[in-house]
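Student: I am new to this structure. Please show me how to read a few of its features.

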Amino acid sequence: MDLVNLRGIQINTNHCQTAHVSALQAASDLNLDVITVQDPYIIAGRPMEPAPGYKMYSSKNDKAIVIICNKNIKPYIKLQTEHIIIVELHIGNKILNISSVYFPPHDNIDNLINEFLNYDFNRGINLVTEDFNCRSRLWGYQIEDDRGRSMTDFISLNNLHICNIPELGPSSISTTFGKGNPDLTSISSSFQDGIEQWGILGRLSLTSLEEYFVDLLESVCGAAFKSFKKKPEGKKRGYTFWCDDLRNFRNSTNVLYKKYQGFKRNNSPEDVIQEAGAENRRSRAQYKRLLLRTKRKAWEDYCGNYTEKLGGIFGMVFNKSNKVNNILVNPDND
């Protein structure tokens, strides 16, 4: 198979047996390849076992799991922490990293994010299914809390694109917790066109929850498929300098800074801290030089290709005015 045909579901069962069973049944009925579950139903200290032939991988605290339903896919564990499980899939000539993440609502968000510290988001396509328990307007909340701001920075830093569409309604409806959008789906920004369809699979009838929404991920990386855009494109600006090279350099520099701060926070050996600090400063200096060169080159190209008429003064600046503009006093007429 190839990535174009990969299909899966994401669900937070809120440790409800009926929800967990319903997700497994949906995978069988819809012939899905992957299930990711947050806060699964636990039996005898372990998440509920899937059907025979399915492969299950879990975080160390068993609060996040990835289930591979397709027997033709060979998965590898890429990262396993207390709250994160990342499984690597080799499909065709591409590498897809599927993450399942559950961050408890009352734990320190910075400490939770640091579990990603040694993970490289630049290797392969990243599909992250998560329950971060944080609020932001980006995924449908009316307010943004501190956790939401931290997660927004994390998503931007690692070049992830949020697939959720707030207009489709809340991703969770609970008689206990009410409506909300705690469950997110994100994919590497460079492959966001690969999401052919994201939506609400259906409402499951549960015992402990009145209703529950399941996120549907279909066709996780088909470059030929058009992007499901959440917002219309804005007016194109004439002058712009931002590009993929700058974005990648900025993100790699920020990763080095986070790594440096992590070493300092964890009281690592002095030589390790100094080496990380030097590497961070070197990268920041290179990024600033690249930023200035890119800005200058973009401005030169914009000025050289300028054709619009935006007023007399603007035309004079760009030598585009055909009028004779003499604003100086010249008593000798020479």
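Student: Where shall we begin: is tyrosine 119 buried or exposed?

Tutor: Buried means under 20% relative accessible area, exposed means over 50%, and partly exposed lies in between (1.4 Å probe, protein chains only). Tyrosine 119 has 9% relative accessibility, so this residue counts as buried. Phenylalanine 121 counts as buried too, at 7%. Keep in mind that this is a predicted model, in which local features need pLDDT of at least 70 and side-chain atom pairs count only at pLDDT 80 or more, while totals for chains, interfaces and linings use all residues. Residues are numbered from 1 along each chain as its sequence is written, and side-chain values use heavy atoms, with hydrogens and water left out.

Student: How many aromatic pairs does the structure hold?

Tutor: Rings of Phe, Tyr and Trp (its six-membered ring) pair if their centres lie within 6.5 Å; planes under 30 degrees apart count as stacked, over 60 as edge-to-face and the rest as tilted. The structure holds eight such pairs. In one of them, phenylalanine 116 and phenylalanine 121 have ring centres 5.6 Å apart and planes at 40°, so this pair is tilted. Tyrosine 119 and phenylalanine 121 make an edge-to-face pair, with 4.8 Å from centre to centre and 85° between the planes. One aromatic cluster is formed by Phe103, Phe116, Tyr119, Phe121, Phe132 and Phe154.

Student: How many disulfides are there?

Tutor: A disulfide is a covalent bond between the sulfur atoms of two cysteines. The rule used here asks for a pair of cysteine sulfur atoms within 2.5 Å. By that rule the count is zero. Cysteine 134 is buried, with a relative accessible area of 2%, whereas cysteine 243 is partly exposed at 26%.

Student: What span should helix α1 have?

Tutor: Helices (H or I, at least four residues) and strands (E, at least two) are DSSP runs, numbered from the N terminus. The expected span of a helix is 1.5 Å times one less than its number of residues. Helix α1 (residues 17-29) has 13 residues and should span 18 Å, and its end C-alpha atoms are 18 Å apart, which agrees.

Student: Which strands do the buried residues of α1 pack against?

Tutor: Contact means heavy atoms within 4.5 Å. The buried residues of α1, among them Ala19, His20 and Leu24, pack against β1 (7-12), β2 (34-38) and β6 (64-68). Just after α1, asparagine 31 takes a positive phi of about 55°.
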